[in-house]
Amino acid sequence: MNELAWGTNNDLNDNQFYNRVEDIEFISNLLKSSRYGTSPSILLTGLRGVGKSALMKKIQKNFRDENYLIVYIDLSASNAYQTDEFSRESIIELIYDQIINECRESGITTVDKKIEKYIKTHDVALKEIVNIKGYPVPFLWTKRNYKKLANFVMELPQYLYDEYDENINGIFLFFDEFQIIKELGDDLTDFLWYMRSFIQKQNNVSYVFSGSMSVKDSLIEEIAGSNGAFGGRILTIEIKPFSYETTKNYLNDNAEYLKFTKDGFDQFYNCTKGIPFYINIFGNLLPRNVDLDSASVKENFIKFLPVLAMHFSNSWFRLSLQEQKILTTLLDESLNRSGIAKKLRVTSGAIGRSLNRLQDNGLIEMEDNNYCIPNFVFKAWLKNEYETKGVYPYKSI
């Protein structure tokens, strides 16, 4: 009997991965063109939890046996990000490390590239000559040169293809959790344009960018908008939630132990909106081999809201009080900046920084010139906290 994957698992086996046949075929055909010197750049968009990372992992597995070098770069796995030292240089270092690791696993010799990297990315000068037992010994002075380092790493994928073109058909760089790049702040736009300056000159290297960002995320405009770094030069593909029928078939194939009544399944789909992350987590939490009608599904949804909204609740308790209060004002209606400020009894200028931070974290987005909370589970969790406790959880105990 098949089992549902947990929503946090992106590296799915063949039994756990479901549907997406058309998406896989379309993206794979685009990537295959890299062997003919027409490499696309692709931006995957879609709601948080819709399965973008799992899709990239699946495509990566499919290409492994077809002589493509595939480099998977998870920005969230960067030590610099985990230690709040995220920077342009840390991104470049991560890209280099992942390229070298993938080359090693694929049997491609890269020792010469490591030596070349050291020489190309350091300023080397003669520090002094010391006389040791009558022999003059030169001591070299070295200093890391970021510009040299970055240029070397960004050029490396095409260099590798040119050197090993008899063994590999093309090179793919998959960037996951790419929304983290927003933490570059004022450096973001310059860095995106810097990346583009190299990417557009590479004929056999394809880039795929994905992360936890909705189709209205401000980063998408920075990347693919008409004035964005890759505007007109990147293919934007939206990964959509499962349909009602696809969700039903998925559960029939993988979770026969969930015994929904007709109205029970309708309620389940309404609770999950067809988003695989929530389908898998909620499906795993529901009781097995018992009749699940609308009332019991709704009851269990409320019961397990803390688990379903765990990512958002963790983010909530890292927010400032003003940021939290902005969110609570948007629970029942979308508001423009002036409307939010009026509700909070502050000036419009006093909330600008908080609004930007909430947008960068994906907790709010713009819709018809108003701010709103895009995630239905996050909204449900906050509302339930107030209904059960009489107060919003502004402070963590």
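This is a predicted model: local features need pLDDT of at least 70, side-chain atom pairs count only at pLDDT 80 or more; totals for chains, interfaces and linings use all residues.
Residues are numbered from 1 along each chain as its sequence is written, and side-chain values use heavy atoms, with hydrogens and water left out.

Let me start with the salt bridges, of which the structure holds 6; the term stands for a side-chain nitrogen of Lys or Arg within 4 Å of a carboxyl oxygen of Asp or Glu. One of them joins Glu323 to Arg357, at 2.6 Å from N to O. That pair links distant parts of the chain, since Glu323 sits in helix H15 (residues 321-329) and Arg357 in helix H17 (residues 352-360), 34 residues apart. Helices here are DSSP runs of H or I with at least four residues, and strands are runs of E with at least two, numbered from the N terminus. Glu323 counts as buried because its relative accessibility is 5%, whereas Arg357, at 36%, is partly exposed; buried means under 20% relative accessible area, exposed over 50%, and partly exposed in between, with a 1.4 Å probe and protein chains only.

A further salt bridge is formed by Asp332 and Lys383, whose closest N and O atoms are 3.6 Å apart. Here too distant parts of the chain are linked, with Asp332 in the loop between H15 and helix H16 (337-344) and Lys383 in helix H18 (residues 376-389), 51 residues apart. Asp332 is exposed, with a relative accessible area of 69%, and Lys383 is partly exposed at 32%.

The side chains of Asp23 and Arg20 also meet in a salt bridge, at 4.0 Å from N to O, and Arg20 is buried, with a relative accessible area of 8%.

Turning to the strands, 6 of the 7 residues of S2 (residues 68-74) are buried, so this strand is largely enclosed by the rest of the structure. S2 pairs with strand S5 (residues 170-176) in the parallel sense over 7 bridges, where pairing requires that DSSP finds at least two bridges between the strands. Within this pairing, Ile70 has Phe172 of S5 as its bridge partner.

Finally, which loop holds Glu85? Glu85 lies between helix H3 (79-82) and helix H4 (88-105), and this residue counts as exposed because its relative accessibility is 54%.
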